[in-house]
Amino acid sequence: MPQIYAYRCTRCDLALRSGWGGSMYVLDDTGQRVICPHPGEYFVAGLVLGFSRDEAAAAHLHVDLVKKWWWSPRKRREFEERVKLLISHTGFLTDMVCCDCQSEFSIDLTRDVRECPTCHSTNVFSVTKMPGKQCPACKLGEIIEIDTGMVS
Ligand SMILES: [Zn+2]
Ligand SMILES: [Zn+2]
């Protein structure tokens, strides 16, 4: 259960999106990225990819353990194929902030170009890396992390 943090400036009212850094996504059959909310992200991803509810539940609980577990060799092979599909079609969108125009956006750091979609600046950082950095809005304060006391 990750903690939820908020990020704000010590001097101005800049507040960055709180969360736990990003969210998982799955590619649907048209190539669109569908956000998979936490908890249950692999379950949602499985359903988007056409798994039965049982398979999606199994994928969510056993995505790392699947090699040890299934009831028939044929079923198990099919399920392993599905899990490979699941792994190749999912990724993680990291919440980012642009230090030039202060827009917030989410990108897959392993697949996307690391730049701001609004102003094309490459002066962009993961929101969770902002604490201790100069505020991109007022350039006077510092970004601090606040524990919201919530977990997701
Ligand atoms: Zn500020
Ligand atoms: Zn920008």
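**Domains, helices and core of a predicted model**

The protein chain is divided into domain 1 (3–24 + 93–151) and domain 2 (25–90), bounds that come from an automatic or database domain assignment. This is a predicted model, in which local features need pLDDT of at least 70, side-chain atom pairs count only at pLDDT 80 or more, and totals for chains, interfaces and linings use all residues. Residues are numbered from 1 along each chain as its sequence is written, while chains are lettered from A and ligands numbered from 1 in the order in which they are written.

User: Why is helix H1 called largely enclosed by the rest of the structure?

Analyst: A residue is buried if 20 or more other C-beta atoms lie within 10 Å of its own, exposed if 12 or fewer, and partly exposed in between, with C-beta atoms placed from the backbone. Six of the eight residues of H1 (residues 41–48) are buried, so the helix is largely enclosed. These are Tyr42, Phe43, Val44, Ala45, Gly46 and Val48. Helices here are DSSP runs (H or I, at least four residues), and strands are runs of E of at least two, numbered from the N terminus.

User: What puts the buried residues of H3 on the same side of the helix?

Analyst: In H3, Phe79, Arg82, Val83 and Leu86 are buried. They cover an arc of only 105° around the axis, which puts them on the same side of H3; the arc is that of the directions from the helix axis to the C-beta atoms. On the other side, Pro73, Arg74, Arg77, Glu81, Lys84 and Ser88 are exposed.

User: Which residues touch the most other members of the largest nonpolar core, and what makes a set of residues such a core?

Analyst: A nonpolar core is a set of buried Ala, Val, Leu, Ile, Met, Phe, Trp, Tyr and Cys residues joined through C-beta atoms within 7 Å. Of the 30 residues in the largest one, Ala45, Ala59 and Val97 touch the most other members. The largest share, five residues, comes from H1, and the core draws at least three residues from each of domain 1 and domain 2.
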